[in-house]
Structure formats: C-alpha cells, structure tokens
Amino acid sequence: MAGKLRIAAFASHGGSNLQALIDGCASGQIAGEMVLVICNNRKAYALERARKHQIETLVISDTEFDSETALAQELLSQLAARSVGLICLAGYMKKMPNDVIRAYRNRILNIHPALLPKFGGKGMYGIHVHEAVLAAGEKETGVTIHLVDEVYDSGKIVAQRRVPVNPGDTPESLQQRVLEIEHQLYPETVARIASGELRLE
Ligand code: GRF
C-alpha cells in the first residue's frame, strides 16, 4: 500500500485501545498515522491521550445536532478534511450515523470484548459482557475485531483471539485479561490492514 494509512479513532471513555493504536503507529508496527481522535464526551481521557501525542482532537456530540443527517455531515466533513482512510472505534458508545457507515463502507472497525456473534448487540458493553459470559458458564471468551455496519456488533468479523475463562474469575478479572489481548490484537490487525496483507472489501 502506497503511503501511510490515515487513521481516525472514535472513543468515549478511557481510550486504552486508542493508546495501543497510537503506540502501534509511533513504533512503526502500523504503517499508519493517527490523524484525528473524535470523542462524544469532553471528559473522555482518550482526549488527553491524543493531546499528549500531538494528535488533533474534536469533541462532537449528537446532542448538538438536530438530526442524524446533520451529525453525519459534520463527521464526514471533518474526516474528509484529513483524508481519513480508516476509522477505528475504540470504546465509542454512540451509534455511528448510517451516512458515515455508507461513506466508509468496509473502512470502519470496532473492537468487542467477546467472541462475536456470542455476547454482542444492545446492552452488551463494558462489564455487562463479562458478567454474561460468566453467567453462561463459558469456558472461553475472547476479542473480536469486526467491520461496522448498520446493525450493532453484526458486521463481518476481521480477527478474533480466544481468552480462557479461569475458575474463580470475576467479571473484573476477566475484563482485565481480555483487555490485555485487545491491546495486542487491535494494533496487530490494523498493521495487517495498513500493510495491505489484510484486505477489508
Ligand atoms: C473495550 O473493552 C472495547 O472492546 C469496547 O470498549 C472498551 C473500551 O476500553 N468496545 P478502552 O476505552 O479502550 O480502554
């Protein structure tokens, strides 16, 4: 692939996956550049992480717009202004507007802390995912990276990695073990996309 992949990340909270992607770009693991971080929440620590690396940030909240179309227009114009080629959702708690999904078809990734299609969909976020995995008596869980389409957690799976559920695990201990694998799999997968080894269409 010619030139560096220009990446934008969307986050809502802590942004530890964003950090893994920033570090992957900085170390050269990813032949890409994180050019923009968008948060819907101005208190997101993800904004701080981006600023520390001199990455441009924007706070864009759906509450400021009259319609999803207007929000999508703003997002698309900011993304186009920076020639963004790949969008990485990293703990983004809002639904991406359909117009953005259409414009960036096969170029929006999300990371989910379970082995989709299990434990996905509405309500399956954060600690709730790990609570559900334990309640179901699963012996293993994992991490999924998938394309984003119009339905939550249903897009094509791009990469998965398994994580064992240990006897005595709590939702928190499981979340921590899964998160460590997220921090490996997300930059590894984006690196494979940036190098052209993995094609998303
Ligand atoms: C991660 O568990 C990710 O899989 C999910 O949201 C969480 C975000 O964590 N989509 P962080 O903000 O990257 O630390």
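Reader: How many aromatic pairs does the structure hold?

Author: The model is a predicted one. A pair of aromatic rings is described by the distance of the centres and the angle of the planes. In this structure, the number of aromatic pairs is one.

Reader: What is the geometry of the pair formed by Phe-10 and Tyr-92?

Author: The ring centres of Phe-10 and Tyr-92 are 5.1 Å apart, and their planes make an angle of 75°. Planes over 60 degrees apart count as edge-to-face. The pair of Phe-10 and Tyr-92 is therefore classed, by its 75° and that cut-off, as edge-to-face.

Reader: How many residues apart are Phe-10 and Tyr-92?

Author: Phe-10 belongs to strand 1 (residues 5-11), whereas Tyr-92 is in the loop between strand 4 (86-89) and helix 4 (98-103). The pair thus links distant parts of the chain, and the separation is 82 residues.

Reader: Which atom of the ligand is 2.9 Å from a polar backbone atom of Ile-111?

Author: Ser-16 has a side-chain N or O atom 2.5 Å from an oxygen atom of the ligand. Asn-17 places a backbone N or O atom 2.8 Å from a ligand oxygen. For the polar backbone atom of Ile-111, the ligand atom at 2.9 Å is a nitrogen.

Reader: What share of the ligand's accessible area does the protein cover?

Author: On its own, the ligand has 370 Å² of accessible area. The ligand sits in the largest pocket. Of that 370 Å², the protein covers 79%.

Reader: Which elements give two or more residues to the shell around the ligand?

Author: The residues around the ligand include Ser-16, Asn-17, Ile-111 and His-112. By kind, the shell divides into two nonpolar, six polar and one charged residue. The elements that contribute two or more residues are helix 1 (16-27) and strand 5 (108-112).

Reader: Where does Phe-119, with its positive phi, lie?

Author: Most residues other than glycine have a negative phi, and most peptide bonds are trans. Phe-119 is not a glycine, yet its phi is positive, at about 60°. Phe-119 is placed in the loop between strand 5 and helix 5.

Definitions and conventions. Residues are numbered from 1 along each chain as its sequence is written. This is a predicted model: local features need pLDDT of at least 70, side-chain atom pairs count only at pLDDT 80 or more; totals for chains, interfaces and linings use all residues. Side-chain values use heavy atoms; hydrogens and water are left out. A residue is near a molecule or strand if one of its heavy atoms lies within 4 Å of it. A polar contact is a pair of N or O atoms within 3.5 Å; within protein, one must be able to donate a hydrogen and the other to accept it, and residues adjacent in sequence count only if both atoms are side-chain atoms. Accessible areas come from the Shrake-Rupley method with a 1.4 Å probe; for residues, only the protein chains shown count as cover. On a 1 Å grid over the protein atoms alone, a cavity is a set of points where a 1.4 Å probe fits but cannot get out, and a pocket is an open set with protein on both sides within 12 Å along at least five of seven lines; lining residues have an atom within 4 Å of a point. A molecule sits in a cavity or pocket if more than half of its atoms lie within 2 Å of its grid points. Helices (H or I, at least four residues) and strands (E, at least two) are DSSP runs, numbered from the N terminus. Ala, Val, Leu, Ile, Met, Phe, Trp, Tyr, Cys and Pro count as nonpolar, Asp, Glu, Lys and Arg as charged, and the others, Gly among them, as polar. Rings of Phe, Tyr and Trp (its six-membered ring) pair if their centres lie within 6.5 Å; planes under 30 degrees apart count as stacked, over 60 as edge-to-face and the rest as tilted.
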